[in-house]
Amino acid sequence: MSRLPFLFILSGMAGFVLFHAASLMSLTGWIGEELRGPSGWFHVHLFVLGWATMLAMGAVYQLINVILQSNIYSERLGYIHYAVFTVGLAGLLFGFIQGEVYWIAACATLAFTGVLLFAWNMAATLFRASQWNAITISAACAVLYLVLAGLSGMAMGLNFATGWWNELHQRLFGTHIWLGTVGWFGLIITGFSYKMLPMFYLAHHYPTAPQKVVTALWNAGVIVGAVSFLLDGSVWTKWSALLLITIAIVVYNVHLLQIRKHRHKRGPGSGIQWSMYGNHAFAAAAVAMLVYAMWHPQQMFLAESVTLAGWIYLAGWVSFMIICYLSKIVPFLWWTHKYGKHAGQPGTPLMSDLLSEKKVYAGLAAIAVFGLIPPLGLILDSPLAVAIGGTAHSVFSVAYMGLIGLIFSR
Amino acid sequence: MTLHEEQVREKLRLVYDPELGVNIVDLGLVYDIRVDDDHIYVRMTMTTPGCPMHDMLVGGVKRVLRDIAEKREIAVDVVWEPRWSPDNMSPAAKEQLGFID
């Protein structure tokens with residue numbers, strides 16, 4: 001069995017713990033500071049790259065042969081990708097803390113090279129398999145947007161160092177954020193869920209047409225948004241991108257309910273159950289934000305609004321979805337490694353023996369409940385609420401990750 | 001030693017889908033068993049194409065059958081038609097999973 005997913009998933013879990021530990025040191029106060037500075041860059045990139053992207057890459061390596069029934073193009077390239085990306089990322093984060101421009105430049109280049117190696121490996125794998133459906137198209141587009149997010153980030157870094165395109169900097173910033181958050185994370189999460197959710201629900205004969213609709217709408221929203229940011233489009237072009245994404249989110253949730261309706265297994269597991277709750281809550285939040293933005297379009301781009309939207313999207317949806325699915329990904333990974341060759345022998349544990357469903361349910365409930373408080377604190381302009389909610393959210397997040405980590409001791 | 005299909009089927013009940021916690025016979029994954037003096041042949045499927053448990057389950061099947069195979073060669077054929085359906089499951093499996101019709 002390949003150790004490649006292990007490297008990424010363990011590193012991602014470590015990134016998650018480091019992020020929350022760093023957050024705890026400021027009692028989540030870093031959210032209230034200027035995000036567009038070294039502290040904000042450090043926290044945000046630790047989160048999006050050190051945790052979420054690292055984990056997502058590991059999940060891709062783990063699941064690609066489930067989705068394609070063929071192996072990754074090059075396992076060796078995967079190991080090189082890991083080394084280059086991880087070293088580059090570590091250096092980049094260090095550079096942010098130290099405020100060292102040339103350190104940031106060198107390590108960002110290394111991390112971006114890692115992303116390009118990943119993209120090459122994925123492209124070769126997907127084109128060789130030539131199975132094009134909503135899952136593979138979502139994955140391919142997600143990786144493309146990851147590359148473009150990296151490219152725009154590199155352009156911003158270059159501008160910081162040289163000032164060659166100052167007039168473009170703000171546009172590149174918006175493009176970078178949109179491509180990375182909405183493009184990469186949005187499509188990789190939705191795409192892979194089309195395969196995984198029916199497996200955990202033992203769902204059959206559900207309609208798959210909505211998957212194509214979501215994929216098309218989500219891509220349209222990413223492209224409209226990215227082009228609007230890059231060309232400094234009007235606020236209404238950006239709102240149109242939001243509209244497309246929100247419709248995609250609603251259709252996605254309808255599809256999740258269709259899968260659930262066609263289930264043959266009553267309970268998919270606590271983690272997957274909470275992923276459903278999280279998806280529905282996110283859809284409600286997305287609609288609310290869209291309506292609010294329609295009435296107050298200029299508020300969309302205030303720093304406070306971006307911070308709020310960032311928390312809801314990245315912490316409330318992206319990260320929450322990943323930790324929900326982690327309750328299945330890690331037991332599967334560990335069971336395959338440790339017990340796979342003992343299948344059929346008496347005494348071989350089941351995956352359910354590796355992780356307590358009750359503790360998963362309780363952990364995710366605590367993370368969800370306390371995760372609601374910081375955005376409320378931001379809306380009500382209450383730094384105390386942000387601090388208390390954020391601190392509790394981080395404490396329970398670390399505890400939950402510890403629970404997941406204990407699987408490796410079983 | 002004479003070996004019957006039913007003995008093979010009973011042995012296969014030791015192989016569990018580790019995620020569902022149900023053995024592959026009750027899950028309805030086993031389509032055909034044939035036994036003669038030189039071979040044991042099992043035709044089976046998985047709950048989903050690309051099932052991540054594919055290699056583990058096939059390995060488990062071969063492992064449990066080695067106990068009774070004696071000198072017989074064990075062959076396991078994983079097929080995708082007919083597609084597995086939850087209706088293939090036994091009543092016991094359906095009850096265990098809280099089966100919804």
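## Conventions and confidence

Residues are numbered from 1 along each chain as its sequence is written, while chains are lettered from A and ligands numbered from 1 in the order in which they are written. Because this is a predicted model, local features need pLDDT of at least 70 and side-chain atom pairs count only at pLDDT 80 or more, whereas totals for chains, interfaces and linings use all residues.

The model scores ipTM 0.89 and pTM 0.94. Mean pLDDT (the predictor's confidence in each residue, from 0 to 100) is 94 for chain A, where 98% of residues reach 70 or more. For chain B the mean is 91, with 99% of residues at 70 or more. Within chain A, confidence is lowest in H2(A), at a mean of 92, and highest in helix H7 (residues 209–230), at 98. Helices (H or I, at least four residues) and strands (E, at least two) are DSSP runs, numbered from the N terminus.

## Two helix pairs in chain A

Let's start with H8 (residues 235–261) and H9 (residues 270–295) of chain A, which pack at an angle of about 155 degrees with their axes 9 Å apart. Axes here are lines fitted to C-alpha atoms, for helices over the stretch in contact, and angles run from 0 to 180 degrees between N-to-C directions. That makes H8(A) roughly antiparallel to H9(A); angles under 35 degrees count as roughly parallel, over 145 as roughly antiparallel, 65 to 115 as roughly perpendicular and the rest as oblique. Among the residues that meet are A:Trp239, A:Leu242 and A:Ile249 in H8(A), and A:Phe282, A:Ala286 and A:Leu290 in H9(A). Contact requires C-beta atoms, placed from the backbone, to lie within 7 Å. The residues of this H8(A)–H9(A) contact divide into 14 nonpolar, 4 polar and 1 charged. Ala, Val, Leu, Ile, Met, Phe, Trp, Tyr, Cys and Pro count as nonpolar, Asp, Glu, Lys and Arg as charged, and the others, Gly among them, as polar.

Helices H1 (residues 4–25) and H3 (residues 75–98) of chain A pack at about 20 degrees, with axes 10 Å apart. That makes H1(A) roughly parallel to H3(A). Here A:Leu4, A:Leu7, A:Phe8 and A:Ser11 in H1(A) meet residues of H3(A) including A:Tyr79 and A:Tyr82.

## Where the chains meet

The contact takes 23 residues from chain A and 23 residues from chain B. On the chain A side, helices H2 (38–68) and H10 (303–339) each supply at least two residues. That side divides into 9 nonpolar, 10 polar and 4 charged residues.

A:Arg263 sits in the loop between H8 and H9 of chain A. Its contacts, not counting residues up to four places away in sequence, are A:Tyr201, A:Leu202, A:Ala203 and B:Ile100. A:Arg263 is buried, with 21 other C-beta atoms within 10 Å (buried means 20 or more, exposed 12 or fewer, partly exposed in between, with C-beta atoms placed from the backbone).

## Backbone details

Most residues other than glycine have a negative phi, and most peptide bonds are trans. A:Gln69, in the loop between H2 and H3 of chain A, has a positive phi of about 55 degrees and is partly exposed, with 14 other C-beta atoms within 10 Å. A:Ser130 has phi near 50 degrees and is exposed.

In chain B, the peptide bond from B:Glu81 to B:Pro82 is cis, with omega near -10 degrees. B:Pro82 lies in the loop between strand S5 (73–78) and helix H3 (91–96) of chain B.

Terms used. Contact = placed C-beta atoms within 7 Å.
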